[in-house]
Amino acid sequence: MTDEDYMRLTLELARKGIGNVSPNPLVGSIIVKDGHIVGQGYHKRFGEAHAEVNAIRNAGNATHGATLYVNLEPCCHHGKTPPCTDAIIKAGIKRVVIGMVDPNPLVNSQGIDLLRARGIDVTTGIAVEECMQLNRFFIKYIKTGLPYVTIKIAQSIDGRIATCKGHSKWITSEETRRVVHRLRGEYDGVVIGAKTAIMDNPSLTVRHVSGVNPFRIVLDDQLSIPEECHLLSDEFPELTIIATASKDEHKKERIRKRGAKIWEIHAEANSHLSLHELLKKAAEEGLNSLLVEGGSEVFTSFLQERLADHIIIMISPRIIGEGIDAIGQLNTPWIDHSIRLIRTSVQSVGQDIVVHGDLQYP
């Protein structure tokens with residue numbers, strides 16, 4: 001097997017940590033000796049041992065003279081756990097193969113330099129694009145101080161997310177809804193607007209697949225959310241966050257007593273909440289990825305302000321006609337000024353078509 005083959009195995013291991021390690025990155029590690037894998041591990045949960053340490057423990061006495069593969073540069077500083085570089089040196093590892101350099105200023109090639117200074121052979125830049133894609137949430141969070149934002153739209157083939165009467169359940173198939181639940185388990189938070197909370201009364205939990213429930217953030221500038229809605233009355237009120245500019249302190253207190261949180265976010269001149277302030281607050285709270293699920297005004301605002309990084313459009317083979325558009329006015333005068341999807345992928349899910357793409361703004 002090549003270095004690339006082993007690196008892809010570390011990525012498979014790293015994915016096992018999805019939903020449990022944020023705001024830390026997803027990391028897997030494999031130890032190879034004499035052409036055989038003698039140890040493996042991954043970062044299982046935030047605050048617990050890192051992938052390299054778990055792999056070394058798994059390898060036992062077989063680490064001396066071995067090669068360690070890891071998709072992200074080993075840390076060299078004290079955080080929740082001791083430096084992984086110390087464990088690697090102590091284990092007698094002869095060679096370390098790294099997928100990508102850690103963009104965290106506390107590391108950022110310092111781990112590589114330290115290992116080389118101790119006589120360890122270090123190779124970097126293996127399957128780097130795949131490594132960066134896996135940890136795109138972490139990279140955005142570290143480089144900008146803001147969470148990675150994905151817009152998820154479920155729509156008819158003619159671009160409607162609901163009928164003229166606001167009915168939207170269910171536009172897409174059951175198979176596609178399972179995909180949505182899997183997505184929720186990959187993100188730290190799910191974002192909706194107050195109209196969606198009122199019209200659809202969603203739970204925004206992971207139900208159709210196994211996974212971790214995300215935080216549920218409602219953009220509600222006027223604090224109009226009904227207190228008996230699922231988000232405030234189900235068994236997970238502590239996962240609900242109401243972002244508001246309202247001065248209604250009595251209702252805020254009633255919501256807090258239900259176990260939910262209130263985020264005070266100021267409103268812009270157009271009376272919409274400041275999305276940039278919301279994203280900074282989310283990052284401060286350790287949420288490094290957000291899935292925006294609706295509705296049309298929220299989708300449009302994120303695109304207008306160029307705050308979304310990725311979009312997933314789930315297209316049902318239905319024609320609704322007059323109804324609620326998925327996306328509103330973006331003030332696009334010319335085709336060349338439109339937002340483009342790049343690095344796209346298309347897949348069939350049941351009878352639906354799911355399109356993924358990174359957003360490239362003009």
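Biologist: What makes helix α2 largely enclosed by the rest of the structure?

Modeller: Happy to start there! Buried stands for under 20% relative accessible area, exposed for over 50%, and partly exposed for the range in between, with a 1.4 Å probe and protein chains only. Seven of the nine residues of α2 (residues 51-59) are buried, so the helix is largely enclosed. Those buried residues are A51, E52, V53, N54, A55, I56 and A59. A word on the source: this is a predicted model, where local features need pLDDT of at least 70, side-chain atom pairs count only at pLDDT 80 or more, and totals for chains, interfaces and linings use all residues. Residues are numbered from 1 along each chain as its sequence is written, and side-chain values use heavy atoms, leaving out hydrogens and water.

Biologist: Which elements do the buried residues of α2 pack against?

Modeller: They pack against β1 (28-33), β2 (36-42), β3 (67-72) and α3 (84-90). Contact here means heavy atoms within 4.5 Å. After α2 comes G60, with a positive phi near 65°.

Biologist: How many helices and strands does the chain have, and what counts as one?

Modeller: There are 12 helices and 16 strands. Both are DSSP runs numbered from the N terminus: helices are H or I with at least four residues, strands are E with at least two.

Biologist: Which residues of α6 are buried, and what covers them?

Modeller: In α6 (residues 136-144), the buried residues are F137, F138, I139, K140 and Y141. Their cover includes β3, β4 (95-100), α5, β6 (148-156), α11 (275-284) and β12 (289-294). Just after α6, G145 has a positive phi of about 75°.

Biologist: Why is I126 called buried?

Modeller: I126 has 9% relative accessibility, so it counts as buried. I126 is in the loop between β5 (121-123) and α5 (128-134). Leaving aside neighbours within four places in sequence, I126 contacts D3, E4, M7, V97, I98, G99 and C131. The C-alpha atoms of I126 and G99 are separated by 4.5 Å, although these residues are 27 apart along the chain.

Biologist: And what makes T176 buried or exposed?

Modeller: T176 is at 0% relative accessibility, so it counts as buried. T176 belongs to helix α7 (residues 174-184). Not counting residues up to four places away in sequence, T176 touches M314, V349 and D352.

Biologist: How do you know how many disulfides there are?

Modeller: A disulfide is a covalent bond between the sulfur atoms of two cysteines. The test is a pair of cysteine sulfur atoms within 2.5 Å, and a search of the whole structure finds zero. Take C84: the nearest cysteine sulfur, that of C75, is 3.7 Å away, and C84 is in no disulfide.

Biologist: Why are C84 and C229 both called buried?

Modeller: C84 is at 0% relative accessibility, so it counts as buried. C229, at 5%, counts as buried too.
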